[in-house]
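Try each task before you read its solution.

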Amino acid sequence: PFTNLGLSAPLIQAIQEQNYQQPTPIQAKAIPLVLNGKNLIAAAQTGTGKTASFVLPILQNIAQQTTPLRGKRVRALVLTPTRELAQQVEQSIKDYAKHLEISSLAMVGGVDSEPQKQALINGVDILVATPGRLLDMMYQRAVHFDQLDTLVLDEADRMLDMGFIDDITKIVDRLPEKRQSLLFSATLSKQVKQLAQTTIGDALEISLAQNKNSEPKIEQWLVTVDKAKKSALLSQMI
Ligand code: AMP
């Protein structure tokens, strides 16, 4: 059960309200290690419960902090490849932090940056960001990392596929060297491991046995058809 993982009562309550019966395998492995301040490289796909595996222990670690957060500062930074994922992760943080006084913000591109700057004025405990917008805000001195304790690279393989390597390097270069770093990726390819080496250094590596049931059941095939008949054929097939 979740109660065996060392999580505090406000988090257990939030988990119960989410109706989670038991931790997923990645949660059972990662939560105690992250609570202990370990650096981690984890192979986990979306759908495995990976978000809670880093959000829950980060929330608990932040809840134990006693130093006040200064303006424009953050305690934890989560980098994600897409705006949608950033917003989804930030929603999970809000859900799990329901019974804690912990603030969060999604900082993504494609929307006005002014409200995001305003939200940072008094500091934010957990910032979830896409690399481009975050760099932009860093250059504008809207956010500073001297109080940062934890970095999470979420879906690292997708960030590399999307060409964010330079942005990530520039961001990580400006973070305090003494920090906890976590990297999550669907695959631990050579490139991902290289990124982990430069951004995280020494870390425990955890991966899950491939579960056949977790493979998406998607069948693909190709049908050639005149453009004019495409809609009719599609609705027929549906
Ligand atoms: P993720 O892999 O983080 O994208 O999570 C996939 C989905 O699993 C989300 O909708 C979560 O709310 C849900 N979830 C996470 N942990 C658990 C759990 N222990 N039990 C049931 N559902 C969970």
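The exercises below start with ring pairs and end with a pocket.

This is a predicted model, in which local features need pLDDT of at least 70, side-chain atom pairs count only at pLDDT 80 or more, and totals for chains, interfaces and linings use all residues. Residues are numbered from 1 along each chain as its sequence is written, and side-chain values use heavy atoms, without hydrogens and water.

**Exercise 1.** Classify the pair formed by Y20 and Y96.

Solution. 
- Rings of Phe, Tyr and Trp (its six-membered ring) pair if their centres lie within 6.5 Å; planes under 30 degrees apart are stacked, over 60 edge-to-face, the rest tilted.
- The count comes to two aromatic pairs.
- The centres of Y20 and Y96 are 6.2 Å apart and the planes stand at 65°, so this pair is edge-to-face.
- Y20 lies in the loop between α1 (9-17) and α2 (25-35), and Y96 in helix α4 (residues 83-96), so the pair ties together parts 76 residues apart in sequence.

**Exercise 2.** Classify the pair of F54 and F184.

Solution. 
- The pair is tilted, with 5.1 Å centre to centre and 45° between the planes.
- F54 sits in helix α3 (residues 50-63) and F184 in strand β6 (residues 180-185), so parts 130 residues apart in sequence are tied together.
- Helices (H or I, at least four residues) and strands (E, at least two) are DSSP runs, numbered from the N terminus.

**Exercise 3.** Which helix gives the most to the lining of the second largest pocket?

Solution. 
- α4 gives the most, with five residues.
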